[in-house]
Amino acid sequence: MTQISPIDQPETTATRKWLVRLDWSRLLYGFMLLLCSAWIIGYFFPPLNHDTSVLLYISKVWLEGGKLYVDAIDMNTPLVFVLHLLPEALAKLTGLPGTTMLILCLAAGIAASYTTCRWVLAGSLDPAHATADALLPLLLLFLLIVFPNQTFGQREHIMLVLAMPYLLVASGRAQREVLSRRLRIITGLLAGLGFCIKPYFIAIPALVELYILSQRGWRAMLADVVPWCMLAVGVGHALFAVLVTPEYFSIALPIAREFYTAVSDTDWLDLITGPHLGPPSVILPLLCIPAWLAIRSDLARIVSLAGFGALFSAYAQGKGWPYQSMPAQALTLLLAAVIIAHVMDHQVWPRRTITGGQPRQQGPRLFAAALMLLVFYQEGLHTRPFFKQLEYANSEVPRLLHIIRQEAYNKRILVLSPGIYPHFPIINYADMRMTMRFESMWVLQGVYADCNELAPLYNPPEAMSRGEAFVFRSVAEDFYKKKPALLIVDKVAGIPRCQDETFNYLDYFSRNPLFAKRLEDYDQLMEFDRYVIYKRRQPVPKVTPAS
């Protein structure tokens with residue numbers, strides 16, 4: 001048996017005493033805070049989310065003198081592009097890429113949102129609420145940074161960042177807590193910006209404010225500055241759209257009404273049983289039972305109502321896409337944490353743990369950190385973190401980016417594809433311009449979503465609807481006028497076969513004489529994955545004979 005010399009014994013005893021005195025709860029809790037905060041570094045690596053890349057691109061076109069909803073057409077509200085103007089404007093000033101500046105702006109916004117949330121929680125939680133004080137800030141940081149994953153930077157994520165302090169302040173307003181007027185104005189204005197990003201988001205503040213009205217009455221609500229701040233942002237946004245971007249109503253909305261619902265539309269049964277909306281649709285109502293009938297917490301009730309508003313938003317959009325369900329999923333997690341913290345503080349941690357009027361923090365901190373490790377574990381089982389970033393080097397994006405940078409001599413390209421990935425974010429990284437006004441061929445997907453019996457494969461120009469005729473004409477005119485160096489055609493049109501024939505973008509647009517005339521200038525360069533790439537022959541410069 002190994003003998004310990006007397007000389008080593010004092011040092012070993014001292015080390016053991018030091019390890020015993022060490023506050024492991026603080027270290028573990030600090031590690032979790034650091035992990036959630038450092039997670040944002042991963043989002044700086046490519047590729048940027050394709051939807052976010054489109055919004056940045058259109059905002060840049062607008063910043064450089066293009067006309068919104070004319071030179072670049074998209075269905076999003078003007079506020080979306082106003083928000084994305086900020087990183088592009090900062091990129092122009094600093095020389096940094098707009099994609100990098102967007103992540104920096106989001107990081108600053110998350111830091112401000114989280115700091116405000118901690119401030120509100122610190123002012124509203126009494127000393128006996130040690131678990132809530134430990135768990136909720138940690139979970140909020142997780143929800144704002146880690147949980148979005150590939151939806152980081154999406155409109156729903158931005159809304160959640162802007163609106164989270166509002167939900168906590170709403171709890172204080174329902175409890176008639178004294179909150180500074182400045183805090184209420186700031187959170188009201190920021191929440192107004194978040195909820196005005198999409199009209200579907202209006203269900204969240206509507207349900208929350210109705211609950212506060214039921215708790216406080218009309219007189220208190222009329223004197224409350226928060227709903228008036230949100231209303232002011234909404235009215236300002238509407239006036240901005242009417243006065244600055246009237247084409248949103250004359251061009252974008254008519255196209256959206258005619259075709260958008262036909263693209264990837266999903267019925268209610270598929271939505272409620274799907275992997276994204278199914279879990280919160282089942283779990284959120286079950287969590288409402290303890291939230292409303294057992295603990296009767298204003299914060300729990302407000303978070304549950306916000307969760308139902310987020311569910312309504314996702315269902316109303318009718319697509320079931322992952323980013324649309326992210327707020328409902330996040331608020332369901334937050335509601336579960338609020339209920340758990342309330343039960344731990346009022347039922348599990350006995351009153352005798354409070355010594356000298358101050359709670360013992362070790363137990364609550366360890367519990368919060370351990371619970372967050374479980375959340376990380378479950379999230380890791382559900383979604384591989386940064387899987388697109390880790391696989392970026394071997395993906396089609398860098399290879400296609402290399403081809404475009406090498407061959408697009410005039411920095412103009414035309415991509416005819418039903419999707420927006422991977423040419424977004426490639427166009428952002430290569431600093432190119434699309435010669436058509438749409439980011440993809442989604443409008444044609446809406447036009448030809450169904451194949452009627454004996455219907456022609458392509459509608460004749462005289463039989464086209466107004467929206468299809470606009471696409472047919474504008475794509476050809478821009479192609480003829482702007483002469484992109486590269487024409488990239490997706491072999492998969494994303495349109496059902498009709499009369500046993502496959503939809504072909506070149507055949508469709510070549511029926512326009514302008515498109516057909518310009519297409520004569522192009523030679524096939526290569527086939528890459530599912531794309532055929534054509535390159536325009538550069539005109540031979542004229543040689544002036546010497547005199």
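Me: Are Tyr43 and Phe152 buried or exposed?

Reply: This is a predicted model. A residue counts as buried under 20% relative accessible area and as exposed over 50%. On that scale, both Tyr43 and Phe152 are buried.

Me: How many aromatic pairs does a search of the whole structure find?

Reply: Two rings pair if their centres lie within 6.5 Å. With that cut-off, the search of the whole structure gives 28 aromatic pairs.

Me: What kind of aromatic pair do Tyr43 and Phe152 form?

Reply: The ring centres of Tyr43 and Phe152 are 3.9 Å apart, with 10° between the planes. Planes under 30 degrees apart count as stacked. The pair of Tyr43 and Phe152 is therefore stacked.

Me: How many residues apart are Tyr43 and Phe152?

Reply: Tyr43 is in the loop between helix H2 (24–38) and helix H3 (50–63). Phe152 is in the loop between helix H6 (130–146) and helix H7 (155–174). The pair links distant parts of the chain, 109 residues apart.

Me: Why is the pair of Phe479 and Phe515 tilted?

Reply: Planes under 30 degrees apart count as stacked, over 60 as edge-to-face and the rest as tilted. The rings of Phe479 and Phe515 have centres 4.5 Å apart, and their planes are at 35°, so the pair is tilted.

Me: Which helix holds Phe515?

Reply: Phe479 lies in helix H22 (residues 466–482). Phe479 and Phe515 are both buried. The pair ties together parts that are 36 residues apart in sequence, because Phe515 lies in helix H24 (residues 513–519).

Notes:
Residues numbered from 1 in each chain as written. Predicted model: local features only at pLDDT ≥ 70, side-chain atom pairs only at ≥ 80, totals over all residues. Heavy atoms only, no water. Phe/Tyr/Trp six-rings, centres within 6.5 Å; stacked < 30°, edge-to-face > 60°. Helix = DSSP H or I, 4+ residues; strand = E, 2+ residues; numbered from the N terminus. Buried < 20%, exposed > 50% of the residue type's maximum accessible area, 1.4 Å probe, protein only.
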